[in-house]
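Reader: Please show me the structure, and then let us discuss one residue and one interface in turn.

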Amino acid sequence: EDQVTQSPEALRLQEGESSSLNCSYTVSGLRGLFWYRQDPGKGPEFLFTLYSAGEEKEKERLKATLTKKESFLHITAPKPEDSATYLCAVDPSGGSNYKLTFGKGTLLTVNP
Amino acid sequence: ETGVTQSPTHLIKTRGQQVTLRCSSQSGHNTVSWYQQALGQGPQFIFQYYREEENGRGNFPPRFSGLQFPNYSSELNVNALELDDSALYLCASSHVTGELFFGEGSRLTVL
């Protein structure tokens with residue numbers, strides 16, 4: 001069974017204190033790994049797609065990396081507006097269109 | 001370019017009733033997916049529609065059903081509501097093989 005586990009469940013940082021979120025996955029074959037940001041009561045906002053081990057993508061203070069078993073979302077010098085739940089999802093191989101299996105997310109709080 | 005819009009944003013139903021949720025996909029997207037997100041959990045895949053046909057279904061009972069219309073908008077119908085159906089229902093649209101873009105969701109409370 002395809003599985004996505006995110007850690008930690010919650011993370012509290014001071015503004016400017018860099019850290020990383022982890023997403024480990026177990027799938028029969030990986031077609032893509034996705035990171036989303038979700039604010040309270042809102043729908044997930046797309047951040048990145050990673051397709052193969054060794055791939056990296058960056059957006060402002062965020063950088064996502066991928067290995068064969070896990071992905072990391074690195075947050076450099078975070079600001080309070082980075083506070084949100086970060087969701088990781090995978091799309092197992094096969095079939096047309098993405099059908100995502102999500103982890104439970106990491107709730108990030110950045111204090112000023 | 002308009003994003004994904006969902007209606008209603010909030011609704012309250014009682015156990016045993018039926019509900020219909022609506023979604024307008026992002027301009028140019030021909031695929032719509034529905035997800036259920038319980039409090040404190042990640043979204044769970046319900047089903048997907050591509051060109052008005054169901055294109056994959058998650059582990060949800062038949063009382064969850066859907067439609068996609070020629071303009072690529074979509075409906076999610078849930079019959080015989082149960083308390084555990086209380087959740088945020090998310091619609092996402094995409095191109096074939098493209099990333100999913102989510103709407104703001106419909107918050108359903110079943111009493």
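Predicted model: local features only at pLDDT ≥ 70, side-chain atom pairs only at ≥ 80, totals over all residues.

Reader: Is A:Gln6 buried or exposed?
Author: A:Gln6 belongs to strand 1 of chain A, which spans residues 3-7. Burial requires a relative accessible area under 20%. The computed value for A:Gln6 is 8%, and therefore this residue is buried.

Reader: Which backbone nitrogen does the side chain of A:Gln6 reach?
Author: Among the residues that A:Gln6 touches are A:Trp35, A:Tyr86 and A:Cys88. Its side chain reaches the backbone oxygen of A:Tyr86 at 2.9 Å. The backbone nitrogen that the side chain of A:Gln6 reaches, also at 2.9 Å, is that of A:Cys88.

Reader: What area do chain B and chain A bury between them?
Author: The contact involves 25 residues from chain B and 19 residues from chain A. Carbon and sulfur atoms account for 52% of the buried area. The total for chain B and chain A is about 1,700 Å².

Reader: Which side chains meet in a salt bridge?
Author: Across the interface of chain B and chain A, the rule finds one salt bridge. The N to O distance is 3.6 Å, and the cut-off is 4 Å. The partners are A:Lys42 and B:Glu104.

Reader: Which strand of chain B gives the most to the side that touches chain A?
Author: Elements giving two or more residues to that side include strand 5 (44-50) and strand 9 (87-94) of chain B. The largest contribution is four residues. It comes from strand 4 of chain B.

Notes: Residues numbered from 1 in each chain as written. Chains lettered and ligands numbered in written order. Heavy atoms only, no water. Buried < 20%, exposed > 50% of the residue type's maximum accessible area, 1.4 Å probe, protein only. Polar contact = N/O pair within 3.5 Å; in protein donor to acceptor, adjacent residues only side chain to side chain. Contact = heavy atoms within 4.5 Å. Buried area = accessible area lost by both parts, 1.4 Å probe. Lists of a residue's contacts leave out its neighbours within four places in sequence.
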